[in-house]
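The sequence and the structure come first, and the description follows.

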Amino acid sequence: MSETFDAIVIGAGPSGNACAYVMAKAGLNVLQIERGEYSGSKNVQGAILYADALERIIPDFREDAPLERHIVEQRMWILDDKAHVGGHYRSDAFNEERPNRYTIIRAQFDKWFNRKVREAGALVVCETTVTELIKDDKGKVIGVRTDREDGDIYADVVVMADGVNALVASRSGIKKEVTPDAVALAVKEMHFLPQDVIESRFNIGEEEGVVIEVAGSVTVGMVGTAFLYTNKESIAVGIGCLVSDFTEAQVRPAFLLEKFKNHPSIKPLLAGSEVKEYAAHLIPEGGLNAVPQLFGDGWMIVGDAAQFVNAVHREGSNMAMTSGRLAAETVINAKKAGKPMVSSVLVAYKKALEDSFVIKDLHKYRRLPKVLHNNKHFFTDYPRLLSQAAETMLRVDGEDKRSKEKKITKAFRSTRRLGGLLGDVFNLARAFR
Amino acid sequence: MQEIHIKVEEKLYQNRYMVDEGRPHISVKPHTLPSEALASLVKICPAGCYSRTETGQVEIAPDGCLECGTCRIVCAATGDIEWNYPRGGYGILFKFG
């Protein structure tokens with residue numbers, strides 16, 4: 001290819017598709033490069049789609065996007081080995097004309113999104129891996145090198161949307177390598193069940209869905225969470241922990257998933273299902289401190305490659321789509337103004353991110369990764385204490401309630417002591433502030 | 001900890017792969033004794049691609065690789081492995097993802 005594109009987008013996940021779509025829609029000459037057979041074939045997520053981020057890109061996406069169920073109920077569970085303590089929120093208000101959250105199957109959803117990118121006029125090349133950036137003698141990025149023969153391609157600007165491993169940026173020396181304490185490894189299975197079984201098992205209607213987010217003893221002392229999401233005819237079940245914790249604890253990820261699936265609160269929900277896929281994926285969980293330099297002469301980084309994930313609220317794909325859109329708008333505006341794609345112009349991307357929920361939310365929770373890392377008892381002691389407390393109060397056995405309360409207080413104080421309890425409250429409150 | 005015995009290979013049978021015969025995308029550099037990081041991969045690779053030889057070295061059979069990048073990140077500091085994505089179109093092909 002000898003022509004020079006207005007922009008090259010590396011990767012066809014949520015951030016890359018959002019970016020390529022917005023630029024192509026504005027009439028730019030866009031090339032998108034994807035290493036998979038098709039967009040979605042290399043991508044893994046739970047997965048929840050947050051409608052708002054996509055609506056700002058494709059307002060009428062509900063008409064033909066492959067959506068599984070809109071979410072009407074969220075269950076948050078804390079597990080110890082035998083029990084779960086938790087809160088549920090279910091509301092008929094979520095049965096609205098334009099639902100807010102959906103479960104999706106990424107291989108299907110990404111394929112749809114990428115078809116929209118093509119329809120908008122971008123050239124999409126699959127089965128091609130970008131190996132590095134091409135720079136001019138002043139260090140400005142002017143194109144990419146691929147694993148195809150004669151695979152050098154040139155553009156005014158390159159947007160890296162190549163996911164959590166962000167190989168292109170780190171190998172080109174513009175981003176530091178991801179560290180094991182800033183990413184979680186998640187493993188996931190797809191369990192298939194008839195639609196009516198899922199609906200009766202979860203007490204939901206035809207289009208309605210339930211998500212269960214889980215923390216506790218199921219991660220055997222590691223920092224992590226587990227999940228269970230209802231699709232139309234399948235249930236996605238997965239668990240993830242920090243890579244640094246996996247290496248330290250020497251726990252097999254597949255063992256952890258099996259342990260979770262066999263928990264007495266989870267097992268009946270999956271009974272009789274047929275497993276059709278086992279996947280693994282890294283999730284950026286380093287928070288704001290792990291976010292790299294986001295732009296430079298001739299380049300920008302978006303989505304997971306920029307480590308945009310809000311681990312507390314399990315949000316990532318919305319940050320990916322939003323960052324992709326903001327990067328696209330930056331290019332479009334520069335193009336309109338006839339400005340070059342250099343650092344002093346592309347800084348507008350970072351400013352737009354700072355004005356959006358992406359950086360604001362990462363900033364809000366910037367302290368949390370460290371707090372969790374240094375306080376593993378949040379995942380061990382508290383789940384056990386909460387479960388014991390609930391069992392003590394609910395079991396009717398002739399013991400008076402005041403004695404039961406004393407027993408519970410004693411258990412908390414002997415495990416964490418008063419100073420520890422107060423410190424935990426302070427640390428958590430500060431991390432969530 | 002209670003030991004649940006799981007055969008990861010059985011999980012991988014569900015998956016679709018396009019194996020690039022004779023062109024492994026990950027390789028372990030020759031060593032006599034594995035570093036702690038390299039040795040840890042035997043347990044923590046989610047696809048169970050790493051194993052120990054009889055003489056104590058760590059070896060890899062990357063056919064079942066899920067391309068997560070865990071081993072790459074764990075060994076980034078030690079340089080024990082050479083890691084690349086498979087050639088375009090090869091490797092894991094997620095049906096659902």
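A residue is called buried if 20 or more other C-beta atoms, placed from the backbone, lie within 10 Å of its own, exposed if 12 or fewer do, and partly exposed in between. This is a predicted model, in which local features need pLDDT of at least 70 and side-chain atom pairs count only at pLDDT 80 or more, while totals for chains, interfaces and linings use all residues. Residues are numbered from 1 along each chain as its sequence is written, and chains are lettered from A and ligands numbered from 1 in the order in which they are written.

Chain A has 433 residues, and buried residues make up 50% of them. The chain is divided into domains by an automatic or database assignment, as the table shows.

| Domain of chain A | Residues |
|---|---|
| domain 1 | 4–67 + 104–176 + 292–355 |
| domain 2 | 181–284 |
| domain 3 | 369–432 |

The centres of domain 1 and domain 3 of chain A, taken over C-alpha atoms, are separated by 45 Å.

Helices (H or I, at least four residues) and strands (E, at least two) are DSSP runs, numbered from the N terminus, and chain A holds 14 helices and 17 strands. α1(A) is mostly covered, since 11 of its 12 residues are buried, including Cys19(A), Tyr21(A) and Met23(A). These buried residues pack against β1 (4–10), β2 (30–33), α3, β10 (152–160) and α9 (317–336) of chain A, and α1(A) is followed by Gly27(A), whose phi is positive, near 95°.

Two residues are in contact if their C-beta atoms, placed from the backbone, lie within 7 Å. Leaving aside its neighbours within four places in sequence, Ala7(A) is in contact with residues that include Met23(A), Leu28(A) and Val331(A).

Turning to the other chain, 44 residues of chain A are in contact with 32 residues of chain B. The largest share of the side of chain A that touches chain B, 8 residues, comes from β15(A).
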